[in-house]
Amino acid sequence: MPSQQPNPICTPTSPYCSSISQTKPGVGTLTVSTTSVSVLPLGGTNDFFNLLTSSVWAQNGWTFNKAQPVESLTGRFDIGVYAPSIFLTTPERIGAEIQVLYNPGVGDPVGSNVHFIQRVVNNHANTITLQGAIQQPPGTPDDKIDTVLEQTQLGFIDPRNPQKPTFNPFYDTYGQVVRYPNQTILFVDIVAREDIYYNNKNWSAELYLAEVKDPINNPNEVTIYNGISWVGKAYSLLLKPLKSFPTASPPVWK
């Protein structure tokens, strides 16, 4: 569970809500915001679980199970960084960063078979490959499990590490995760998109702890534990009309 009680409504005193703005002369003002972190149900929302069970991994022998109530985590998700960003580099980008430390309690899963799985929903699709990012046109909706493209390719072999298991839904296969000797695990994600002034953007994510309980006999069977959601948006007040693109409203957790 988050180390502070999450509040789904942003107020001036909400611990996870913040925004920043940047004015560009002759263009307008851009605002990027993050909203409160929410606790998600044990085993995942229906939308998240349906996405996993209809995925390319499920079609190739992987199974996904919801943790039982007695397996609900007793530890914490400590949120150390959660902030919006405006990158004034070339090209200009907007985004947000979140850092979540999994701090296991008594009886919680630990070790190298513990992973993170993240679902992302946004209105500016972005395909991540080991060679770099491929951004789709603004307004392109996206709803997927957050992995690099190569993780969805059954026969892919990483030339840098041919023994590395790559066909899996785990964020930590290539995402930024740090495992510490005391069994805590740090999850880091940075969202970034270009074309920032003329297209409003929004995104949401569901982040879950997952475990392969029996890596020897059942290496493709995954248990889903508790999770949290995090949401952000970027919008512009321009000196000329904003382009109209469909938005991806934050999903209703169900």
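**View 1. The whole chain, from inside to surface.** Buried residues make up 46% of the 254 residues here, where buried means under 20% relative accessible area with a 1.4 Å probe, counting protein chains only. You're looking at a predicted model, in which local features need pLDDT of at least 70, side-chain atom pairs count only at pLDDT 80 or more, and totals for chains, interfaces and linings use all residues. Residues are numbered from 1 along each chain as its sequence is written, and side-chain values use heavy atoms, with hydrogens and water left out. The chain has one helix and 14 strands; these are DSSP runs, H or I of at least four residues for helices and E of at least two for strands, numbered from the N terminus. About 12,100 Å² of the chain is accessible surface, and 54% of that belongs to carbon and sulfur atoms (Shrake-Rupley method, 1.4 Å probe).

**View 2. The largest nonpolar core.** This core has 31 residues, and Ile94, Val100, Tyr102, Phe116 and Leu209 touch the most other members. A nonpolar core is a set of buried Ala, Val, Leu, Ile, Met, Phe, Trp, Tyr and Cys residues joined through side-chain atoms within 4.5 Å. Elements giving two or more residues to this core include strand E2 (28-34), strand E7 (114-122) and strand E14 (221-238). The most comes from E6, with five residues. Apart from this core lies another one, of 16 residues, with Trp62, Ile117, Phe170 and Val222 among them.

**View 3. Zooming in on Val100.** Neighbours within four places in sequence aside, Val100 is in contact with Phe77, Asp78, Ile79, Ile185, Leu186, Phe187, Leu207 and Ile228. Contact means heavy atoms within 4.5 Å. Across the chain, 67% of the contacts with a separation of 6 or more are between residues 24 or more positions apart.

**View 4. An open sheet of four strands.** Follow the order E5-E6-E12-E11, with antiparallel pairing; two strands pair if DSSP finds at least two bridges between them. E5 and strand E11 (176-179) are the edge strands, each pairing on one side only. From one strand to the next, the twist averages 10°, an angle between N-to-C directions of axes fitted to C-alpha atoms, on a scale from 0 to 180 degrees. E6 and E12 pair over nine bridges, and Gly95 has Ala192 in E12 as its bridge partner.

**View 5. The buried side of helix H1.** In H1 (residues 46-53), Phe48, Phe49 and Leu52 are the buried residues. They lie on the same side of H1 because they cover an arc of only 95° around the axis, taken from the directions from the helix axis to the C-beta atoms.

Notes. Buried < 20%, exposed > 50% of the residue type's maximum accessible area, 1.4 Å probe, protein only.
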